[in-house]
Amino acid sequence: MEYNFTAIEKKWQNYWQENQTYKVDIDKSKPKYYVLDMFPYPSGAGLHVGHPLGYIASDIYSRYKNLNGFNVLHPMGYDAFGLPAEQYAIQTGTHPAITTEKNLARYRKQLDNMGFSFDWSREIRTSDPKYYKWTQWTVVQLYKHYYDTELDRANPIKMLIQQFEHNGSEGINAVHSEHEPFTAEDWKNMSDKEQREILMCYRLMFLSDTSVNWCPKLGTVLANDEVVDGFSVRGGHPVEKKIMKQWSLRITAYAQRLLDGLQKIDWPEPVKDIQTNWIGRSEGASMIFDIKGRKEKLEVFTTRPDTIFGATFMVIAPEHELVLSLGTKGHQKKLEEYITHAKNRSDVERMAEKKVSGQFTGSYAINPFTKKKMPIYVADYVLIGYGTGAIMAVPAHDSRDFAFARHFELPIVQVVSQKDEKPIPTTEWETSYDSKEGIIINSDFINGMEVKDAISAVINKMLELDLGEKKINFRLRDAIFSRQRYWGEPFPIYYKDGVPHAMSIEELPVELPKVDKYLPTEDGEPPLARAKKWKTFDGYPIETSTMPGFAGSSAYYFRYMDSNNDWELVSEKAINYWQSVDLYIGGREHATGHLIYARFWNKFLFDLGLTPKDEPFQKLINQGMIQGRSNFVYRIVGENKFVSLNLKDKYETQKIHVDINIVDNDILDVEKFKNWQAEFANAEFILEDGKYVCGWDVEKMSKSMHNVQNPDDLIEKYGADTLRMYEMFLGPLEHAKPWDTNGIEGVFRFIKKFHRLYHDENNNFLVSDDEPTRYELKVLHNTIKKITDDIERFSFNTGVSSFMICVNELGNCNKRRILEPLCIMISPYAPHIAEELWSLLGHKESITKAQWPEYIEVYTRENSFKYPVSFNGKMRFNLELPLDMDNKQIEEAVLKNENSVKWLEGKQIVKMIIVPKKIVNIVVK
């Protein structure tokens with residue numbers, strides 16, 4: 001029969017669904033393996049061919065592990081909350097749930113059409129109250145716990161209360177925000193509200209005044225990764241810095257554990273480096289600077305206390321809490337103007353700025369070692385999110401401080417020099433001097449010391465004089481956890497007399513209420529403030545912010561283990577069996593967002609004893625991006641006339657992106673182009689050889705570039721198995737690669753050729769029970785070894801090549817002992833055709849019940865060698881001989897060969913040189 005991929009693929013997709021082929025349960029007789037994809041946000045545009053790349057890879061590996069006897073958990077679900085659905089709701093009035101459900105249906109159909117082995121019985125959606133009940137439950141636990149630095153783990157807040165009752169705040173080993181110290185008696189005399197305000201300084205989920213990225217147009221706070229160059233990623237709207245009362249997660253408590261954990265997991269080194277830099281551990285000193293004429297002090301964290309004698313001025317961030325109070329009468333107005341300007345710029349924009357800017361406050365700090373006055377400036381190159389938001393500027397040894405000092409004509413004092421180097425006056429310097437190593441100069445008691453020794457000496461002196469403390473600092477900041485949106489998880493928090501309280505598990509889930517609009521209220525409150533009766537049963541108001549997108553995706557891997565459990569996040573039985581994710585596949589863009597948050601979330605649940613693993617994802621693979629192949633037409637400027645690619649240089653033209661779906665092998669379908677957009681209905685064309693040839697380029701796949709390739713169209717034309725194999729064939733999984741539909745034809749031809757191995761010339765199924773030849777067994781077992789190695793190394797592109805080589809080498813072989821193992825091997829890549837052929841081979845069960853073929857080395861051992869036979873050094877012919885022949889036997893076989901007789905005619909043999917498994921050379925005269 002002809003290879004009818006449409007009928008075959010539909011048949012087996014229905015079979016898998018009806019028989020729940022991929023449904024998996026706990027089976028202690030088998031080793032477990034948990035494969036996870038970063039689950040998608042279902043946009044209205046659906047999937048394009050770049051999206052399934054990682055899913056195909058994870059599916060191949062899941063099927064492979066299953067065939068090797070593992071009990072494989074391979075689930076799928078949807079990150080269903082999100083800003084796009086909310087923006088659409090604002091524009092149209094359509095409830096986000098309706099839009100999301102429609103998008104989910106489209107995604108599910110597309111995923112099913114590709115033949116993935118997902119266990120859909122475990123499907124989760126973050127917007128489902130049954131799911132976000134457990135996000136809310138975890139949030140309550142975060143609210144009810146603090147971080148004990150002595151035990152290095154989270155503990156219940158009630159244990160902290162017991163310590164307060166006996167000892168007050170003295171000797172508390174806990175991560176916390178600043179507060180006034182108190183005694184046990186003070187604690188007992190505090191009101192409930194006052195006690196709760198103190199406890200808020202310790203909770204792992206806490207409410208505080210925070211500098212946030214505020215987007216007025218979207219009416220919400222945005223995370224750092226949702227802002228680029230001062231504009232929102234979604235919509236490109238201006239974003240400004242603003243102080244707001246927000247819920248945050250005290251992720252900084254876990255900074256060291258997040259750093260240490262990177263050494264225990266098999267992740268790409270670039271991702272580990274990104275996380276290491278994001279966490280940003282640095283050792284140094286926290287120094288205290290007096291402010292002339294004021295009781296307030298400035299705290300500065302520095303990794304280079306040895307340069308204190310070169311600190312000539314101070315700079316604080318525009319968001320620093322003392323910034324306005326430091327402004328003196330003559331500087332206040334300009335100071336306020338500068339702060340207003342700076343707060344509207346993103347951190348990235350500020351750090352990338354080359355132009356020097358700043359404003360003198362009029363106040364002075366006192367250098368604790370030199371006792372000299374240091375003018376205090378405000379400048380946007382200092383960020384509130386790093387250190388304390390204040391720096392001691394050492395312009396001789398820092399490039400930004402140097403540029404600032406030059407601009408404002410501030411002193412520059414060199415304090416580090418190379419050994420035996422004669423210092424040059426700093427007035428002659430063109431830039432700062434790198435001072436990571438060297439000898440200290442101009443620095444009182446540390447003169448002549450190496451940098452490393454000087455750092456220790458200054459810290460010891462600082463401790464002796466009570467001028468600060470030795471400190472480890474992290475760049476990592478606490479994660480802002482509030483969003484002023486509608487379409488997100490509601491907080492399980494209510495307010496009693498203005499004080500926040502957590503709800504009990506019996507009150508969960510707190511479901512999203514109905515609102516008349518999805519916009520903030522006229523008073524600027526979040527959309528949930530529009531809800532009628534948004535209160536508890538006792539009449540207390542409920543929090544009106546919702547959680548951010550990462551809330552629902554931080555622990556979804558746990559729910560997959562036990563998705564239908566209504567009583568707990570995950571049962572003890574399920575978590576002890578599945579433990580953690582063995583293989584996680586997704587994009588590198590999540591390196592500092594989702595992956596950090598998920599690791600933090602997991603470590604917290606580990607502290608609660610809910611998971612046996614401290615790290616959630618044991619192995620991570622980042623799939624590369626599939627780039628689009630764009631096509632262009634060339635319109636003659638000022639006319640509705642288009643000129644073909646190779647003629648365009650004769651005219652002044654404008655390059656225009658054209659829909660790739662009306663282009664075939666770079667040839668434009670002119671009639672379809674006319675119907676594509678109304679403005680082109682009467683277009684004229686200058687052709688070459690009767691055709692319009694389009695230009696092309698490789699770019700990001702995007703609707704605006706009309707280069708988005710819908711996988712549905714390709715499946716309809718070539719089948720899902722061809723699409724799956726072609727996406728793998730494009731190149732190494734981790735690399736970016738251009739999409740080119742032209743190349744899919746070759747893979748399609750291979751699939752048809754593979755199908756023909758099992759059929760005769762009339763397309764009738766025909767497989768023989770004849771014994772295979774040694775050559776055929778050699779080809780098979782070489783392929784088994786190669787495909788196994790390729791899959792284990794996630795080198796799926798070379799795997800496709802190996803299948804192609806194998807089929808070519810087998811020729812017309814139709815023997816069962818060869819074709820059955822080959823069918824099993826190709827099933828992870830092309831499951832539909834494999835199931836069909838497996839069935840035709842007489843098997844009643846799905847090929848997923850088969851066993852991965854065993855590689856037998858003896859079949860691939862060489863038992864002969866093709867000797868190049870030379871006469872007087874000139875190779876004349878090849879002769880294949882058994883490897884076990886000795887030199888005498890080789891000599892006899894060569895001399896008997898008819899080719900030798902021809903070259904020896906009339907000649908005398910002088911000598912015969914035989915190098916086993918190398919050459920035979922006959923010297924004649």
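A: Happy to walk you through it. This is a predicted model, in which local features need pLDDT of at least 70 and side-chain atom pairs count only at pLDDT 80 or more, while totals for chains, interfaces and linings use all residues. Residues are numbered from 1 along each chain as its sequence is written, and side-chain values use heavy atoms, with hydrogens and water left out.

First, the setting. The chain has 28 helices and 35 strands, which are DSSP runs numbered from the N terminus (helices: H or I, at least four residues; strands: E, at least two). Of its 925 residues, 54% count as buried; buried means under 20% relative accessible area, exposed over 50%, and partly exposed in between, with a 1.4 Å probe and protein chains only. Along the principal axes, the C-alpha atoms fill a box of roughly 115 × 80 × 75 Å.

Now the pairs. Side chains of opposite charge can pair when their charged atoms come close. The structure holds 41 salt bridges, each being a side-chain nitrogen of Lys or Arg within 4 Å of a carboxyl oxygen of Asp or Glu. One of them joins Glu-101 and Arg-125 at 2.8 Å, N to O. Because Glu-101 lies in helix 4 (residues 96-113) and Arg-125 in the loop between helix 4 and helix 5 (129-143), this pair ties together parts that are 24 residues apart in sequence. Glu-101 is partly exposed at 41% relative accessibility, and Arg-125 is partly exposed at 25%.

Another salt bridge brings Lys-619 and Asp-266 together at 2.9 Å, N to O. It links distant parts of the chain, 353 residues apart: Lys-619 is in the loop between helix 18 (594-607) and strand 23 (620-622), and Asp-266 is in the loop between helix 9 (255-261) and helix 10 (269-279). Lys-619 is partly exposed at 22%, and Asp-266 is partly exposed at 43%.

Lys-815 lies in the loop between helix 24 (796-810) and helix 25 (816-826) and Glu-776 in helix 23, so the pair connects parts that are 39 residues apart in sequence. Here Lys-815 is buried at 14% relative accessibility, and Glu-776 is buried at 11%. Salt bridges that share partners also join Arg-257, Lys-264, Arg-599, Lys-603, Asp-607, Asp-614 and Glu-615 into one network.

Glu-776 has a further neighbour: its side chain reaches the backbone nitrogen of Thr-773 at 2.9 Å.

Finally, the surface. Patches are made of residues with over 30% relative accessible area and no salt bridge, with like charges joined within 9 Å. Lys and Arg count as positive and Asp and Glu as negative, leaving out His and the chain ends. Arg-749, Lys-752, Lys-753 and Arg-756 gather in a positive patch. Arg-756 sits in helix 22 (residues 744-756) and is partly exposed at 47%. Asp-434, Glu-437, Glu-450 and Asp-453 form a negative patch. Glu-437 belongs to the loop between strand 16 (416-417) and strand 17 (439-440) and is exposed at 62%.

Definitions and conventions. Patch = residues over 30% accessible without salt bridge, like charges linked within 9 Å, V, L, I, M, F, W, Y side chains within 5 Å. Areas by Shrake-Rupley, 256 points an atom, 1.4 Å probe, with all protein chains shown as cover. Charge placed at Lys NZ, Arg CZ, Asp CG, Glu CD. Polar contact = N/O pair within 3.5 Å; in protein donor to acceptor, adjacent residues only side chain to side chain.
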